[in-house]
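User: I am new to this structure and would like to know what lies behind the terms used for it. Please go through them with me.

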Amino acid sequence: MIFELIAKHQLNIMLVLSGVCGNLAIFVLFMKSMSRKRKAVLFNMDISAGLLLIFDRYAYIFRGDTSNLGYVMVRVSNFLVFFLTIFCILMFNSFLKDLYKNDAKLEKVPIRLQIVRVLLIIGMILIGVSQFTGLYYTFDDLNQYQRSSTFWICYVIPLLSLIIQLSVIVTYFKKLKKSVVLFLLFFTLVPLIVSLFQFMTRGVSLTNLSLSAVVILLFLFTLIDVSNEADKAQNLKIDYLKKEQKDILALLEQTTEALATAIDVKDTYTHGHSTRVAEYSKKIAAMVGKTEDECDEIYFAALLHDVGKILVPDEIINKDGRLTDEEFEAIKMHPVYGNSILSRITQSPYLSIGAHHHHERYDGKGYPDGLKGEDIPEIARIIAVADAYDAMTSKRSYRDPIPQDKVREEFVKGIGTQFDPKFAKMMIHLIDLDAEYEMKEREELSELSGKNEFVCEEFGDNISEGIQINSGITKMSFHSVTDRKNLRKECVPSIIIFDALDGRVHKDGKKKEMLYFEYGIIRFDGETTCLGARKIETKTIDNNTGKKEKSLLDEKGTDYVLEAVKVKDHVLIRIDNGYKTTEIIMALPDSVRYAYIGLTGEHCVISKVIMTKEEETVADDYIPRIAEEISYVKGKPEGVVPNVQIDGWCFDASHGLEIKDGMKLSFHSMSLPTARLIWHCPYIELFYADDKRVNGENFNQFALVRLDGEAWDTHEGVESKTFINKDDTFEGWDYWKENNKNGFDSTVTFKRNKNKITIITENFGISINSVVTIIEEVPDVYVALTGDQVAITNINVTN
């Protein structure tokens with residue numbers, strides 16, 4: 001399967017890897033803490049590996065082309081592929097010679113490496129001879145590459161060279177660090193093994209792809225090794241190494257992103273954008289029933305959708321602030337450029353389609369061609385949705401990421417205008433399922449990038465991105481050293497417990513916009529400050545180590561382990577410093593709001609941060625309750641079905657009822673005080689489960705209809721259609737939300753003809769008629785009430 005996938009997409013892979021190699025070659029030139037000779041070797045390796053892949057692509061592209069250009073390109077490309085393969089191994093040989101001379105401190109370079117050099121030069125000469133004698137290969141009348149009977153000779157010299165290099169590595173393995181030896185073994189063994197497969201295989205450039213991959217890994221290995229050496233010399237050249245480490249870490253970040261996608265490296269505000277768009281596009285494609293191959297095609301097309309931006313001037317791409325009309329017109333050319341670049345890959349036409357049409361709009365008001373509706377290729381309509389979502393949820397020079405609930409509203413508004421309705425609804429459903437807002441650009445503090453370390457001066461001047469606390473235990477360990485010039489009891493790490501739409505601590509005017517709310521502050525010495533929380537209780541437990549707790553004067557610092565978990569309206573924080581464990585229980589204002597941790601401190605350096613989250617959730621009674629549970633259903637009238645409070649999107653549901661023809665379901669609903677959006681209302685859920693409970697055993701959902709009229713109607717094995725009508729009594733959504741806040745009585749009528757069920761209801765001028773047909777045979781169909789941030793009481797049934 002992997003072989004077939006590589007064969008199918010190898011030209012695309014070559015294009016991306018060659019771009020990465022080119023970027024790495026440029027990065028090498030800016031590395032200061034490396035000898036000139038080693039920089040030259042790495043530069044030559046990266047350039048030659050990139051050119052090797054480029055000419056290998058041309059060899060495939062022009063194969064069988066009988067034109068004059070094809071005649072020249074096939075011969076030149078094949079010659080350079082053979083030549084550059086040996087050149088890469090020759091450069092690795094030079095790398096080994098430099099490594100053993102300078103790092104292993106050998107007085108003389110091993111004679112076997114000199115022999116390898118001679119062998120490889122002979123190999124280059126034989127490649128030249130082969131062009132005139134057909135020693136390795138020839139070309140037939142159709143300009144097709146054909147191996148000669150003596151083709152095996154071309155493998156002897158490079159394989160023999162790698163084997164000799166391997167023998168040198170084994171002989172002198174004690175002279176170098178274990179990690180260095182392991183990587184050198186990897187570099188030699190991988191091409192050796194792959195070459196054996198390559199010799200028996202045609203149509204896939206396994207050797208060249210693997211050789212380029214190990215060249216890229218060699219660069220990363222060298223980069224990490226340089227970073228480690230810089231760390232060791234920190235006390236000798238502090239000022240110099242701080243700048244050097246910053247350069248290396250920034251370079252490492254750029255390199256990692258270049259490996260993920262060579263496209264985004266040009267735009268400082270879209271790091272990871274192409275990868276995220278590709279992932280979202282593939283999810284949408286899978287949800288609409290695309291095959292695995294089709295999903296892969298959509299993924300690759302989305303990965304390269306912005307490739308045209310490489311031809312847009314840098315000053316426009318990276319401009320701070322909004323673009324002028326002229327600059328926007330220049331940006332609008334990138335789909336045309338992308339189409340021009342990718343249309344040359346004739347074996348994969350979907351690549352250019354995605355790049356060319358991903359900015360078209362469903363209503364015909366997009367660009368570059370103004371296509372409308374289904375005239376826009378399907379692959380581009382999918383990418384357009386994913387691209388818009390990531391653009392809104394990512395940081396830009398002129399704005400911060402847009403909160404997910406506002407992004408959702410934009411998709412609702414854009415159905416049928418900007419977006420294909422089918423794919424927009426898929427994205428809305430993905431948003432609804434993303435309870436913890438994982439689908440977004442992940443942005444760390446620059447001080448944390450690469451090393452998981454940052455420096456805190458005054459309290460709160462440096463705060464990590466929010467870490468969400470949920471019912472699965474979050475564990476964080478880190479090391480903290482106090483600034484010896486500021487030795488006060490307050491100089492310890494701290495955490496801020498808060499809620500915000502974007503999961504970030506705010507100190508400016510965005511507090512209101514992001515609904516920022518602070519619950520409290522916890523210092524790691526056990527001191528707490530209660531702000532918006534109802535109550536905080538602290539308990540200290542001695543770990544019985546028999547050792548005296550470290551003071552702030554300890555130069556080695558302190559290792560901390562933090563555990564955090566949230567159950568409904570209570571949060572439990574445990575802080576262990578090795579000597580004692582401090583437990584803090586915080587009662588939040590309600591169960592609806594989220595809770596985030598912002599790591600900060602005062603005059604301390606926090607490093608070695610490691611965080612894990614447990615998927616398994618804790619029991620409801622895991623946290624001892626210190627304040628009464630906030631309930632909006634207790635004490636309210638109760639019907640034949642118990643009342644239910646839903647704190648988040650479908651977090652809970654009423655007991656299921658079997659649907660019968662003519663059945664009427666009546667209830668009273670009221671949005672919770674924290675509700676602010678249209679979809680914070682009751683939902684009607686049709687399902688089956690053995691125990692008649694939502695998410696119960698053998699649960700199968702058939703339909704989810706909201707009382708604002710939106711319905712999720714694309715379940716597998718179900719055909720559904722929802723009709724919504726707004727009459728003259730509908731006074732707008734603000735009025736509708738206000739009535740939800742005040743509370744209202746509602747009645748839902750069900751009509752059933754076997755597995756065809758009709759749902760009818762009306763509220764505040766909105767009439768809903770949803771017809772659900774379950775195609776497959778099911779034991780029965782049940783209905784339950786659920787929703788988002790709503791209390792549902794007095795639930796009754798009449799037939």
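Analyst: The model is predicted, and the answers below set values against cut-offs.

User: How many helices and strands are there, and how much of the chain counts as buried?

Analyst: The protein chain has 19 helices and 26 strands. Of its 799 residues, 52% count as buried. The accessible surface comes to about 37,400 Å², and 54% of that belongs to carbon and sulfur atoms.

User: Why is V312 called buried?

Analyst: The relative accessible area of V312 is 1%. Buried means under 20%, so V312 is buried. V312 sits in the loop between α10 (292-303) and α11 (314-317). Its C-alpha atom is 9.7 Å from that of E327, which is 15 residues away along the chain.

User: What makes L51 partly exposed?

Analyst: L51 has a relative accessibility of 34%. Partly exposed is the range between under 20% for buried and over 50% for exposed, so L51 counts as partly exposed. L51 belongs to helix α2 (residues 36-61).

User: Which residues make a nonpolar surface patch with L51?

Analyst: I47, I54, Y58 and I61 make the patch together with L51, over about 340 Å².

User: Why is N698 called exposed, and where is N698 placed?

Analyst: The relative accessible area of N698 is 52%. Exposed means over 50%, so N698 is exposed. N698 lies in the loop between β18 and β19. Its phi is positive, about 60 degrees, although N698 is not a glycine.

User: What makes K754 exposed?

Analyst: K754 has 72% relative accessibility. With the cut-off at over 50%, K754 therefore counts as exposed. K754 is in the loop between β22 and β23, and this non-glycine residue also has a positive phi of about 60 degrees.

User: Why is strand β19 described as largely enclosed?

Analyst: Strand β19 (residues 700-706) has seven residues, and six of them are buried, so the strand is largely enclosed by the rest of the structure.

User: How do you know that β18 and β19 pair?

Analyst: Two strands pair if there are at least two bridges between them. Six bridges join β18 (residues 682-688) to β19, so the two strands pair. They run antiparallel.

User: What is the order of the strands in the seven-stranded open sheet, and which are its edge strands?

Analyst: The order is β15-β26-β17-β22-β23-β24-β21, with antiparallel pairing. The edge strands are β15 (644-646) and β21 (718-726), because each pairs on one side only. Neighbouring strands are turned by 20 degrees against each other on average, direction ignored.

User: What makes β17 and β22 a pair in this sheet?

Analyst: Strand β17 (residues 664-671) and strand β22 (residues 744-753) share six bridges. At least two are needed, so β17 and β22 are a pair, in the antiparallel sense. S669 has F744 in β22 as its bridge partner.

User: Which helix packs on the sheet, and which strands does that helix touch?

Analyst: Helix α19 (residues 733-742) packs on the sheet and touches β17, β21, β22, β23 (756-763) and β24 (766-774). The direction of α19 makes about 95 degrees with that of β17.

Notes:
Residues are numbered from 1 along each chain as its sequence is written. This is a predicted model: local features need pLDDT of at least 70, side-chain atom pairs count only at pLDDT 80 or more; totals for chains, interfaces and linings use all residues. Side-chain values use heavy atoms; hydrogens and water are left out. Helices (H or I, at least four residues) and strands (E, at least two) are DSSP runs, numbered from the N terminus. Buried means under 20% relative accessible area, exposed over 50%, partly exposed in between (1.4 Å probe, protein chains only). Patches are made of residues with over 30% relative accessible area and no salt bridge: like charges are joined within 9 Å, nonpolar side chains (Val, Leu, Ile, Met, Phe, Trp, Tyr) within 5 Å. Accessible areas come from the Shrake-Rupley method with a 1.4 Å probe; for residues, only the protein chains shown count as cover. A salt bridge is a side-chain nitrogen of Lys or Arg within 4 Å of a carboxyl oxygen of Asp or Glu. Axes are lines fitted to C-alpha atoms, for helices over the stretch in contact, and angles run from 0 to 180 degrees between N-to-C directions. Contact means heavy atoms within 4.5 Å.
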